[in-house]
Amino acid sequence: MKGAVLYGPRDVRYVDREDPKIVEPTDVIIRMSATCVCGSDLWPFRGIDISNQPTAMGHEYCGIVEEVGREVKKIKRGQFVVGSFFASDNSCPICQSGYQSRCVQAKPLGAEGAQAPYLRVPLADGTLVPTPELPPNELVPGLLATSDVLGTGWFGADAAAVAPGKTVVIVGDGAVGLCAVIAAKHMGAERIVMMSRHTARQQLAREFGATDIVTERGDEGVACIKDLTSGLGAHSTIEAVGTQEAMMQAIRSTRPGGHVGYVGVSHGVALPGLELFFAEVHLLGGPAPVRRFLPELIDLVCQQKINPGKVFDLELPLEQVAEGYRAMDERRAIKTLLVP
Ligand SMILES: [Zn+2]
């Protein structure tokens, strides 16, 4: 088969790769229904955290089970399944506590390269969640979104303790930030403030349930949030970027006793201890334990109660994956859907 491989900065190619095969008896092979480009794929695409070797790309996936390892018990051939970007056994003490992304057996799906027509999924019984029946095509983008962006936005909102009556601020208008709006709305937030200066993304944020848009950034952005909250700051802030500026904007936008859920992959973030001490906010973040939320999110998408598939504003055939990266890198697209 062919698949996406990163050769160097801004050099993604759709080239021959080995067909995935069952390696461990707990593996399955899925035939991809749709995959996509992640905001976090843009870091290596831009030459940050890049390896010297050509690297298979992609970690978001959903599709039909084609082949099943001999120790797989729950997942069956022919099922439509969704999984997270970390394979997990869903049974160790860490998984049991709801942090499957840090499972003692966690395996990154990125190492398998999901931007391809077929994918090996390790620890299939723990990792994958089947839909009740084969979904119609129009639900596939939404189901794919549960695999990462929606699950990550959901964790951001959960970690930020979003609840009815609260004011929620979202830093970052990428697909994860926009999905965090869906989560905050679903969790009953009273006021949802999206920090964005991008018209199309502001519109989608409003469609998903944002009540206010703040276009200012940094200290000016924080001042706007204080103005909106009687000088107190937000109850809950979701950080979905991963830079120093975004993290400090999130912490400074949050009131004492409030919660920051940070889900942007951290790049060069260093927190000033004394400021953190007096900020007196709860901080929880990291790679989202998407597996915890998957059953609920799949159900919400299948029942069409939410439509996170709207974050895909560009759809390309998989062989045009390089253009998918460029469009996101240049912010021409929020998120690229790739169809084999
Ligand atoms: Zn585990």
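Helices (H or I, at least four residues) and strands (E, at least two) are DSSP runs, numbered from the N terminus. The model is predicted: local features need pLDDT of at least 70, side-chain atom pairs count only at pLDDT 80 or more, and totals for chains, interfaces and linings use all residues. Residue numbers start from 1 along each chain as its sequence is written.

**View 1. Val149 in helix α5.** Val149 lies in helix α5 (residues 149–159). Val149 is buried, since 31 other C-beta atoms lie within 10 Å; buried requires 20 or more other C-beta atoms within 10 Å, exposed 12 or fewer, and partly exposed falls in between, with C-beta atoms placed from the backbone. Beyond its neighbours within four places in sequence, Val149 is in contact (C-beta atoms, placed from the backbone, within 7 Å) with Ala175, Val176, Cys179, Pro308, Val311 and Lys335. His186 is 37 residues from Val149 in sequence and 16 Å away in space, C-alpha to C-alpha.

**View 2. Helix α9 and its surroundings.** Helix α9 (residues 244–252) is largely enclosed by the rest of the structure because seven of its nine residues are buried. These are Ala246, Met247, Met248, Gln249, Ala250, Ile251 and Arg252. The buried residues of α9 pack against strands β11 (167–171), β14 (234–239) and β15 (254–262), and against helices α8 (218–228) and α10 (273–279).

**View 3. Domain 1 against domain 2.** The protein chain is divided into domain 1 (2–148 + 289–339) and domain 2 (152–285), with bounds from an automatic or database domain assignment. The contact takes 16 residues from domain 1 and 14 residues from domain 2. Helix α11 (residues 290–302) supplies three residues, the largest share of the side of domain 1 that touches domain 2.

Terms used: Two residues are in contact if their C-beta atoms, placed from the backbone, lie within 7 Å.
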